[in-house]
Amino acid sequence: LMPADLPDLDAAAIARVFDAAAREDGALVWRGASATGRFGHPVACDAHLAPRFAMLRGAQGGAAVLAPYRGQTRLVRLPGNIATRDLDTPEDWADWRENRGEGD
């Protein structure tokens, strides 16, 4: 799971989560987190969870699917806030671009 509004996620961060998921450690969910441990993205799930996601409708998020597996979730800490910095409005995107040196 990887929302499109997390612009700081890069291939290296995604690879770290997938590398963690490739280990046989008994987890069912591997989740990107901030450097301080705050849940974020990307999220990789064991294949047996797929039918639960398929049952979601409308604007339902995956949080309800993931909640019962908190004890079987491995956090993969990523640098800074790259796993949690989401941009929901045009203003958020403008601020992000300006702070990254990509503004007008």
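Is R74 buried, exposed or partly exposed? R74 counts as partly exposed, because its relative accessibility is 30% and the partly exposed class lies between buried (under 20% relative accessible area) and exposed (over 50%), with a 1.4 Å probe and protein chains only. The model shown in these views is predicted: local features need pLDDT of at least 70, side-chain atom pairs count only at pLDDT 80 or more, and totals for chains, interfaces and linings use all residues. Residues are numbered from 1 along each chain as its sequence is written, and side-chain values use heavy atoms, with hydrogens and water left out.

**Figure 1. The whole protein and its order of helices and strands.** The protein contains four helices and three strands, where helices (H or I, at least four residues) and strands (E, at least two) are DSSP runs numbered from the N terminus. Along the sequence these elements follow the pattern α-β-β-α-α-β-α. The C-alpha atoms fill a box of roughly 45 × 30 × 20 Å along the principal axes. Of the 104 residues in the protein, 33% are buried.

**Figure 2. The annotated region, residues 2-68.** An unreviewed UniProt entry annotates residues 2-68 as "domain: MobA-like NTP transferase". UniProt positions are given in the numbering used here, feature names are shortened, and such annotations may be inferred rather than shown by experiment. Over residues 2-68 the chain is 31% helix and 18% strand, and the end C-alpha atoms of this stretch are 20 Å apart.

Figure 3. Side chains of opposite charge can pair when their charged atoms come close. The whole structure holds two salt bridges, each defined as a side-chain nitrogen of Lys or Arg within 4 Å of a carboxyl oxygen of Asp or Glu. In one of them, the side chains of R85 and D8 meet at 2.1 Å, N to O. This pair links distant parts of the chain, 77 residues apart: R85 is in the loop between β3 (73-77) and α4 (90-99), and D8 is in the segment before α1 (11-22). R85 is partly exposed, with a relative accessible area of 32%, whereas D8 counts as buried at 11%.

**Figure 4. The salt bridge between R74 and D25.** The side chains of R74 and D25 meet at 3.4 Å, N to O, in a salt bridge. Here too the pair links distant parts of the chain, with R74 in strand β3 and D25 in the loop between α1 and β1 (29-33), 49 residues apart. D25 counts as partly exposed, at 31% relative accessibility.

Figure 5. T84 is placed in the loop between β3 and α4 and counts as buried, because its relative accessibility is 12%. Apart from neighbours within four places in sequence, T84 is in contact (heavy atoms within 4.5 Å) with L6, S34, R38, F39 and G40. R38 lies in the loop between β1 and β2 (39-45) and is exposed, with a relative accessible area of 54%. Residues up to four places away in sequence not counted, R38 touches G32, A33 and T84.
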